[in-house]
Amino acid sequence: MKIHRFPLSGHCHRVELFCNLTGIKHELVDVDLAGGEHKRDPFLKLNPAGKVPVIQDGEAVLADSNSILVYLARKYAPEWLPTDAVEEAEIQKFLSFAAGELAAGPCAARLITVFGVPLDPERAKEVSAQALSFLEDQLDGRDWLVGNRPTIADVAMYSYVAHAPEGNVSLDPYPAVRALLKRIENLPGFVAMPATKVGLAA
């Protein structure tokens with residue numbers, strides 16, 4: 001299986017992290033975003049939206065990091081995607097959260113400091129505080145976001161939350177969130193996303 005990725009993308013790191021945690025054999029294919037490789041063929045034949053990550057798994061070609069997590073878990077690591085109706089719905093809730101508040105908060109804040117994207121830093125920090133407070137509440141009295149073991153919900157949260165300080169978003173007020181990050185980092189097979197020395201991480 002090939003993972004077409006950009007090393008500093010949290011969306012890509014989700015997929016790489018999950019493959020490493022579950023022992024899914026894969027090849028990393030770096031895409032030159034600065035050179036516009038993602039906006040021309042042959043990459044556009046893989047994903048007409050021109051975004052990473054994209055995986056090629058046999059005949060299957062899939063984009064969107066959360067969709068890829070669902071596919072990989074269902075096919076290769078079903079214990080990471082519960083089939084209980086309530087728990088599966090909870091998983092979907094957190095995947096939507098990752099694509100919504102997490103993207104508009106910690107992800108956006110990091111885009112500003114790491115890549116110079118012209119977004120509103122104060123708005124990104126405001127949404128980040130709301131998002132992290134929500135996660136802190138969700139983790140009250142529990143080790144994992146859904147059920148009693150790690151799932152793709154935890155993987156979907158990890159990359160941008162762990163690197164939130166790069167976007168000037170402090171994790172100090174959120175002890176349960178920080179504890180979740182440590183539990184993920186202690187899982188066999190964990191692989192980190194490269195750190196950038198900007199923001200609070202400078």
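Two strands are said to pair if DSSP finds at least two bridges between them, and strands themselves are DSSP runs of E with at least two residues, while helices are runs of H or I with at least four residues, numbered in each case from the N terminus. This is a predicted model, in which local features need pLDDT of at least 70 and side-chain atom pairs count only at pLDDT 80 or more, whereas totals for chains, interfaces and linings use all residues. Residues are numbered from 1 along each chain as its sequence is written, and side-chain values use heavy atoms, with hydrogens and water left out.

The strands β3 and β4 pair in the antiparallel sense over 4 bridges, and within this pairing Ile-55 has Leu-62 of β4 as its bridge partner. The hairpin that these strands form has 2 residues between them, and there Gly-58 takes a positive phi near 65°. Strand β3 also pairs with β1 (residues 2-5), again in the antiparallel sense, over 3 bridges, with Lys-2 bridged to Gln-56 of β3.

Asp-64 is partly exposed, at a relative accessible area of 42%, where partly exposed lies between buried (under 20%) and exposed (over 50%), computed with a 1.4 Å probe on protein chains only. A second case is Asn-168, in the loop between α7 (152-162) and α8 (175-185), whose phi is near 65° and whose relative accessibility of 35% makes it partly exposed as well.

Two peptide bonds call for attention too. Most residues other than glycine have a negative phi, and most peptide bonds are trans. The bond from Asp-41 to Pro-42 is cis, with omega near 10°, and Pro-42 sits in the loop between β2 (27-30) and α2 (43-46). The bond from Val-52 to Pro-53 is likewise cis, with omega near 5°, and Pro-53 belongs to the loop between α2 and β3 (54-57).

Turning to helix packing, the axes of α3 (residues 65-76) and α4 (residues 85-99) come within 10 Å and cross at roughly 150°; such axes are lines fitted to C-alpha atoms over the stretch in contact, with angles running from 0 to 180 degrees between N-to-C directions. The two helices are therefore roughly antiparallel, a term for angles over 145 degrees. Their contact (heavy atoms within 4.5 Å) involves Asn-66, Val-70 and Arg-74 of α3 and, from α4, Glu-88, Gln-92, Leu-95, Ala-98 and Ala-99.

How values were computed: Angles under 35 degrees count as roughly parallel, over 145 as roughly antiparallel, 65 to 115 as roughly perpendicular and the rest as oblique.
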